Amino acid sequence: MNRLGYLIAKYGRNDAAFQAASIPEGELLAPLAGKRIALVGNARALAQGAFGAEIDAADLVIRINAAPIPSARSHGTRTDWVGLAVRMPAARHRLLGQPRLLWMSPRLHRISWLVASQPGFFRYPRARYDALRAKLGVGPTTGIMLIELLADSDLAELRLYGFDFFASLSLSGPRTAADVGHNFAGEADFVADLTKRDPRILHRR
């Protein structure tokens with residue numbers, strides 16, 4: 001996708017164009033086979049823990065949106081992928097070591113050129129989003145979209161950190177659960193059911 005095509009797709013809300021520019025889902029997930037993945041959520045409670053070394057020991061570390069890292073002790077230091085539903089400033093991307101950016105949101109007007117121009121650009125499929133929305137009754141969080149996507153890969157292990165479903169609020173800002181419009185109880189049930197069915201997935205909180 002060139003810059004003109006990006007602008008036309010963005011302002012025309014042309015999801016098909018972004019989906020066509022995206023690498024196939026199988027190509028994104030294939031390298032995860034046999035790997036240990038750390039998915040780091042943004043719950044404030046994680047900052048009180050000491051999972052940093054464990055997170056950094058994973059084969060792949062994935063963070064979410066602003067990817068806050070208040071300390072290496074609690075959050076580790078590595079960032080290989082970031083799942084986005086918000087804009088990421090170029091300066092923040094450089095500070096994180098220029099990780100791969102995945103666009104998860106259906107809000108196409110928010111996709112930046114930084115994301116769309118990356119080699120291996122990935123657009124989370126709208127069909128997956130719609131299925132999760134139907135299950136939860138409202139739009140899913142970026143974290144749940146990533147968990148659902150990663151669970152469909154051949155990874156060896158997926159460890160979830162910093163997911164308390166807004167019980168301790170988010171490191172990304174001061175908003176409360178009532179302000180963000182997600183079904184956190186439904187997402188907690190989704191993860192609890194998934195961890196029961198799939199022993200590869202561990203909820204480390």
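In which helix is the place of Ala53? Ala53 sits in helix H4, which covers residues 52-56. The structure described here is a predicted model. With a relative accessible area of 62%, Ala53 is exposed. Ala53 and Arg87 are 34 residues apart in sequence, and their C-alpha atoms are 28 Å apart in space.

His93 belongs to helix H6, residues 90-95. Is His93 buried or exposed? Its relative accessible area is 5%, so His93 counts as buried, the limit being under 20%. The side chain of His93 makes a polar contact of 3.3 Å with the side chain of Gln118. Leaving aside residues up to four places away in sequence, His93 touches Met88, Gln98, Pro99, Leu101, Leu114 and Gln118.

The aromatic residues come next. A search of the whole structure finds five aromatic pairs. One of them joins Tyr6 and Trp113, and this pair is tilted, with 5.2 Å centre to centre and 50° between the planes. Tyr6 lies in helix H1 (residues 3-11) and Trp113 in helix H7 (residues 113-116), so the pair ties together parts that are 107 residues apart in sequence. Tyr6 is buried, at a relative accessible area of 3%, whereas Trp113 is partly exposed at 25%. Tyr6 and Trp113 also belong to one aromatic cluster with Phe18 and Phe121.

The table lists the accessibility of the four residues discussed.

| Residue | Relative accessible area | Class |
|---|---|---|
| Tyr6 | 3% | buried |
| His93 | 5% | buried |
| Trp113 | 25% | partly exposed |
| Ala53 | 62% | exposed |

Definitions and conventions. Residues are numbered from 1 along each chain as its sequence is written. This is a predicted model: local features need pLDDT of at least 70, side-chain atom pairs count only at pLDDT 80 or more; totals for chains, interfaces and linings use all residues. Side-chain values use heavy atoms; hydrogens and water are left out. Rings of Phe, Tyr and Trp (its six-membered ring) pair if their centres lie within 6.5 Å; planes under 30 degrees apart count as stacked, over 60 as edge-to-face and the rest as tilted. Helices (H or I, at least four residues) and strands (E, at least two) are DSSP runs, numbered from the N terminus. Buried means under 20% relative accessible area, exposed over 50%, partly exposed in between (1.4 Å probe, protein chains only). A polar contact is a pair of N or O atoms within 3.5 Å; within protein, one must be able to donate a hydrogen and the other to accept it, and residues adjacent in sequence count only if both atoms are side-chain atoms. Contact means heavy atoms within 4.5 Å.
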